[in-house]
Protein chains: 2
Amino acid sequence: MLSRDTIRQLSRIVGRRHCRTDPEDLICYGYDATDLRYNPEAVVFPADVQEIVAIVRLANEIPFYLIPRGAGSGMSGGSLPVRGGVVLGLSRMNRILSIDPENMVAVVEPGVVTGHLQEELAEQGLFYPPDPASLAFCTIGGNVAECAGGARALKYGVTKDYVIGLEAVLASGELVKTGVQTAKGVVGYDLTKLLVGSEGTLAIITKVVLKLLPQPESRRMLMAVFNRLNEAVEAVTKIIGAGLLPSALEFMDQRSIQCVEDYLQIGLPRDAGALLLIEVDGVREGVVRHAEEIRTLCLGQGARQVEVAANEEEAETLWQARRAVSPALFKLNPHKVSEDIAVPRSRIPDIVAKLEEIGQRFRLIILCFGHAGDGNVHVNIMIDRNDADEVARTEQAVNEIFQATLALGGTLSGEHGIGITKIPYLGMEIDKLGLEAMRRIKKAFDPRGILNPGKIFLDSD
Amino acid sequence: MLSRDTIRQLSRIVGRRHCRTDPEDLICYGYDATDLRYNPEAVVFPADVQEIVAIVRLANEIPFYLIPRGAGSGMSGGSLPVRGGVVLGLSRMNRILSIDPENMVAVVEPGVVTGHLQEELAEQGLFYPPDPASLAFCTIGGNVAECAGGARALKYGVTKDYVIGLEAVLASGELVKTGVQTAKGVVGYDLTKLLVGSEGTLAIITKVVLKLLPQPESRRMLMAVFNRLNEAVEAVTKIIGAGLLPSALEFMDQRSIQCVEDYLQIGLPRDAGALLLIEVDGVREGVVRHAEEIRTLCLGQGARQVEVAANEEEAETLWQARRAVSPALFKLNPHKVSEDIAVPRSRIPDIVAKLEEIGQRFRLIILCFGHAGDGNVHVNIMIDRNDADEVARTEQAVNEIFQATLALGGTLSGEHGIGITKIPYLGMEIDKLGLEAMRRIKKAFDPRGILNPGKIFLDSD
């Protein structure tokens, strides 16, 4: 428990308004996009890096745990204060510090909302591709901590591919700069990429240097409607196999379609077995030609209908539908067990068949949707946690899903991270040596275990 | 010194033919593309990972240093046995283990020659972009160790951007697998990207999983001839500023042009102040249109001539010219001090002006060429190391070049790595905390300092 004196010292650092200990505040900053909750002992909102340095020094002195937090939209519990301690809310550090069109580099604070940054950049003809479904409210700092992906990862990669430099406060309270502001740089070990995806366990990110691209000349969005999920995933394999590289290639199964349609009422085909949402971008002429090739391929694979969005507005409606899947699912059952497996893309038909079989065998509602183009399937099991039998069946099912994923050459998490929800399964994928290496890195960066404890791996297994 | 018994044990592991201790062999494996030499005590050529494991165990038992080596084409001394020990030549482990067109992934051994892999992939319509100038002989293992770049990094990134998984032998002799075979993966700390660019100091890479792209539909190569270097670098800024993203945007200054022309005699304009070699690739129609836009931009910036290569053969000749610059320079003077700075691309005119001024002031032959599009300038000072005064002036000049580079927001090395040649300057760019973090990582991976000692940072500063 934090003493009154510690709270007073925290208040002195950030100002009384920005240090919260009321029960209602503690509840508000103890959740994320999982349905798990852990109350912190205090929440502080530093204004700048100097305040963070002071907080980390105090954390060492007392000591107490520090849990960095962006918008709390994480899918694996990475920002939850599972052992209490002080949540470090970074929402006030939300400035875009610079946008440099000549060098295609932006420098931002961690609290900048991803979608907001993308809009600002688009006005200058610039493009920051990573687009997690939560982009309207998630923050760059959280994206960096979890190495967020998104639909456009298929063509453009994930957060890691765009972070070229960082400023961060280490667990000791010291400020470190990593990486470069240039397109290339190989000076010593790549601390930048090590911090990206480290889920707040190695350092507190205070500034992010992002590589940018020029906006593509043109984009086109297609929706392909299939009677059967199988046909849709086979079409995905054909599209990629044809050497086309869409900027997004998303799929939704029937239940996902129905949930979204109930939620948004935008006219999605409730009777369809599956939808593909396909975006192509790039050079004008290529976009037109590739969209036509994709349309033909989909029809050849049994699509009953392929529509091309007539304009940006129609395309945006389809994107909204896709991004609404995750929240819409709660209609089905009060709780969601959300997995984020990725398999080599040619194995999507296999994993989808396996998911169906597992769902039937364990009598569970399993929905899937996600990034078909890069093999990243969001598997959602909708349950009622008050039903102990259902919970037990779910645990068995998850175990089998992970086993099947790894057997297909896949990974437990494509873009959500380990956080706390996947800790029990980490050893299925990472061998003992890998875990040891990670633990030694954690120890090297945070010997006293101040930063975001209880994440990624258990301290003592 | 290695004992006879140790040599016998090494011979037993790899076979007598593959363990060399003759003076002529030791000389052959004690050099790289710098003009520095350090003899190892033995050179071994393991056939497979089991033999590497056995060698590393022996290295721990005796103990002795191990220095992994690809083709010895490194530009910063990364593979030189500066403290003796055993060179681990990986040339026999040169198999392409699998190419998977459906998932666009290849798995290769470290000794595969980069250009050879690219040719094999091209036959299947696949593309591995990193293209260091030495691609005809350098190896993927060396590329991974140094995080090699190349001309196409401007559009496609560097080696790191394509390595998604690794198998490696740790300093303890244990075998670790990192990363994934899928397009995405965020399971724990990113050990893969940490090993890429670690210059053989953290582990011995035994298998590399590479992400691939489809081959672009079309490519076109242009050569723009300028009377003045200034005009050429201004044209670079205009091209990038116009939102065009060529697949390569290379420049050569007058002396580089003359050296290459003397060496290859292919009709380069000896009187030109500078050349730009520009490659555009992608969708057919876009390539034609962008090449035309670039031609117009170059003429507008004062190019006296812009030629478009009529066919692949002509394009290849221009590439050969570009790749021949580095070896061709030795015509000017027996020794080369080769730097590899990178600046934000808009600052290329500034750094080029500064280089001219420094060259005049210190009475040195300074040539520059390189990757103008991504700000990565290869600065070469041609000297005679027997001239003590020239050596002293060079040292001063290099110091000033680095100071100017950092002042412009640049980095000491875009793609060659630190190796040994840049150790004295590392502290100019990486602060104390960053160095400490790197040293702790080294300690975590290689507590006894068996692997590639004396590289990146001094053990004791």
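1. The C-alpha centres of domain 1 and domain 4 of chain A are 31 Å apart; the domain bounds come from an automatic or database domain assignment. This is a predicted model, in which local features need pLDDT of at least 70 and side-chain atom pairs count only at pLDDT 80 or more, while totals for chains, interfaces and linings use all residues. Residues are numbered from 1 along each chain as its sequence is written, chains are lettered from A and ligands numbered from 1 in the order in which they are written, and side-chain values use heavy atoms, with hydrogens and water left out.

2. Chain A is assigned domain 1 (4–89), domain 2 (96–214), domain 3 (218–313) and domain 4 (332–424). On the domain 1 side, A:Asp35, A:Met75 and A:Ser76 supply 72% of the area buried against domain 4 of chain A, more than any other three residues.

3. Which residues form a salt bridge through their side chains at 2.9 Å, N to O? They are A:Asp35 and A:Arg385. The count between domain 1 and domain 4 of chain A is one salt bridge, defined as a side-chain nitrogen of Lys or Arg within 4 Å of a carboxyl oxygen of Asp or Glu. Six residue pairs are in polar contact between the two domains, both residues at pLDDT 80 or more. A polar contact is a pair of N or O atoms within 3.5 Å; within protein, one must be able to donate a hydrogen and the other to accept it, and residues adjacent in sequence count only if both atoms are side-chain atoms.

4. Between the chains, 79 residues of chain B are in contact with 79 residues of chain A. The area buried between chain B and chain A is about 6,300 Å², and carbon and sulfur atoms give 64% of it. Chain B can be laid on chain A with an RMSD of 0.0 Å by a turn of 180° and a shift of 0.0 Å along the axis, which is the relation of a two-fold axis. The superposition is by least squares on the C-alpha atoms of residues with pLDDT of at least 70 in both copies. The same surface serves both copies, as 100% of the contact residues of chain B recur in chain A.

5. Ten salt bridges are found across the interface of chain B and chain A. One of them joins the side chains of B:Glu415 and A:Lys184 at 2.8 Å, N to O. Helices (H or I, at least four residues) and strands (E, at least two) are DSSP runs, numbered from the N terminus. The most comes from α15(B), with nine residues. By class, the side of chain B that touches chain A has 35 nonpolar, 24 polar and 20 charged residues.

6. Over all chains the structure holds 54 salt bridges. The side chains of A:Glu217 and A:Arg284 meet in a salt bridge at 3.6 Å, N to O. A:Glu217 lies in the loop between β11 (213–214) and β12 (218–226) of chain A and A:Arg284 in helix α10 (residues 284–300) of chain A, so the pair ties together parts that are 67 residues apart in sequence.

Key
Contact means heavy atoms within 4.5 Å. Buried area is the accessible area (1.4 Å probe) that two parts lose on being put together, summed over both. Ala, Val, Leu, Ile, Met, Phe, Trp, Tyr, Cys and Pro count as nonpolar, Asp, Glu, Lys and Arg as charged, and the others, Gly among them, as polar.
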